[in-house]
Amino acid sequence: MSFGVQLAADSFQVDPGSSVTVALEISNDGSQREEYELSVEGIDVEWLALPEPTATIDPGEKSVIRLFLKPPRESGSAAGDYPFAVRVRSLETGDAKSAQATLILSSFSHLSVDLSPRKTSVSPFKKASTIEVTVMNLGNTDLSLQLFASDVDDALAYEFSDEQISIAAGQEKVVELTVNSAKVPLFAGASLAAVTISARSTENPAIAASGQAHVEIRPIVAPGPLILVLVAAILVIGWVLSIPKPPRIDAFSLSALEINFGQEVSVQWDTSDARSVTLTLGDEVKPNLLADGKATFYPSAPGEYEISLIAINGDRRSSPSTLRLKVLEPPVVPDPVIRVFKAEQSSVPLGSAATLVYDLSDSVTEAYLEPVGPDDARARSLQA
């Protein structure tokens, strides 16, 4: 028995994230019907989709088998040439033949710039500030980059620890940018400078990315207005502190507004100017609880519950704060059902594949195929 294999082309080009179809022709030159097994070597298995791993061809006939190559759009899919081979083996005789080709993976660029912190300041006492510039190469080719920084009013000066960097695909680099101003006004209103920091490829200016930070330019405030502001603030604070304040509820929340019966729910609260709180959970009243605290509630039956909280300070009480909790009947979980389980062939030749057909009900989330032969005693997981 003999057969031949031939690919539709010697090379196939694809962009990362897209797929390319590879057509393989198998010709049965023998006098008997044969079944062939296909495999691909030299390509990451995660890039490969082979819908028909086997083919049965009558004598003197030909069959075209299609496989699909789809490298992901990520930095690990480096641009370049990837030689691969499609191997075809006869399941009748064990003879094998291969057809070779090259996958040409195109390049793509994705550049990102992140800044930390995004807001800083300079002043007469702090004339320089440092921003960490993180440049990430999310494409699949190495890049040489030039770094730039500017603001609209040219109010600041900039100095990078490295103005030119080289960064490999999938890598990132952190560069320090020193921002300084030699002319910070002593008596003036504060101003905010929007600083644009960008990275651009030295070989292809179209490949670029940028980020923006804000630098506050702070002057020295005049002593007179500052003293007046401080005196006024002290007077206002003293007056506010002297006013007796009623208790109030600042925060009151449930861990969930809807639960199944049998589950617990947590109640949490924060108050101001309160010595204690009274918490009502349905028909249950819990007085003299801490002003800030948390309680756990187990509903006694399905239904709707009203949960209320009152903050107390002596004889003063806050207005009640109320939440509603809905307790549902627990969901009914249907039994798993195997609707169909059969073999397509009652017997197969040694070394050939056997196909099992199964159909599971929607309630099945996981199923296992128990030992399929004396040499394979492990259960195999099935997709529900």
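In which strand is L356 found? L356 is found in strand β29. The close-ups below come from a predicted model.

View 1. I338, F341, L356 and Y358 make a nonpolar surface patch of about 400 Å². Strands β28 (338-343) and β29 (356-360) each supply at least two of the patch residues. L356 counts as partly exposed because its relative accessibility is 36%, which lies between the 20% and 50% cut-offs.

View 2. R339 pairs with D359, and their closest N and O atoms are 3.2 Å apart. R339 sits in strand β28 and D359 in strand β29, so the bridge ties together parts 20 residues apart in sequence. R339 is partly exposed at 47% relative accessibility. D359 is partly exposed too, at 33%.

View 3. D58 forms a salt bridge with R33, at 3.2 Å between the closest N and O atoms. D58 lies in the loop between β6 and β7 (62-69), and R33 in the loop between β3 (20-28) and β4, so the pair links parts 25 residues apart in sequence. R33 counts as exposed at 55% relative accessibility. D58, at 39%, counts as partly exposed.

**View 4. The second largest pocket.** This pocket holds about 260 Å³ of space. It is lined by 14 residues, and E35, T56, Q345, S352 and A353 are the closest to its centre. Strands β4 (34-41) and β6 (54-57) each supply at least two lining residues. The lining has three nonpolar, six polar and five charged residues.

How values were computed:
Residues are numbered from 1 along each chain as its sequence is written. This is a predicted model: local features need pLDDT of at least 70, side-chain atom pairs count only at pLDDT 80 or more; totals for chains, interfaces and linings use all residues. Side-chain values use heavy atoms; hydrogens and water are left out. Patches are made of residues with over 30% relative accessible area and no salt bridge: like charges are joined within 9 Å, nonpolar side chains (Val, Leu, Ile, Met, Phe, Trp, Tyr) within 5 Å. Accessible areas come from the Shrake-Rupley method with a 1.4 Å probe; for residues, only the protein chains shown count as cover. A salt bridge is a side-chain nitrogen of Lys or Arg within 4 Å of a carboxyl oxygen of Asp or Glu. Helices (H or I, at least four residues) and strands (E, at least two) are DSSP runs, numbered from the N terminus. Buried means under 20% relative accessible area, exposed over 50%, partly exposed in between (1.4 Å probe, protein chains only). On a 1 Å grid over the protein atoms alone, a cavity is a set of points where a 1.4 Å probe fits but cannot get out, and a pocket is an open set with protein on both sides within 12 Å along at least five of seven lines; lining residues have an atom within 4 Å of a point. Grid points are joined across faces, edges and corners, and a volume is the space filled by probe spheres set on the points. Ala, Val, Leu, Ile, Met, Phe, Trp, Tyr, Cys and Pro count as nonpolar, Asp, Glu, Lys and Arg as charged, and the others, Gly among them, as polar.
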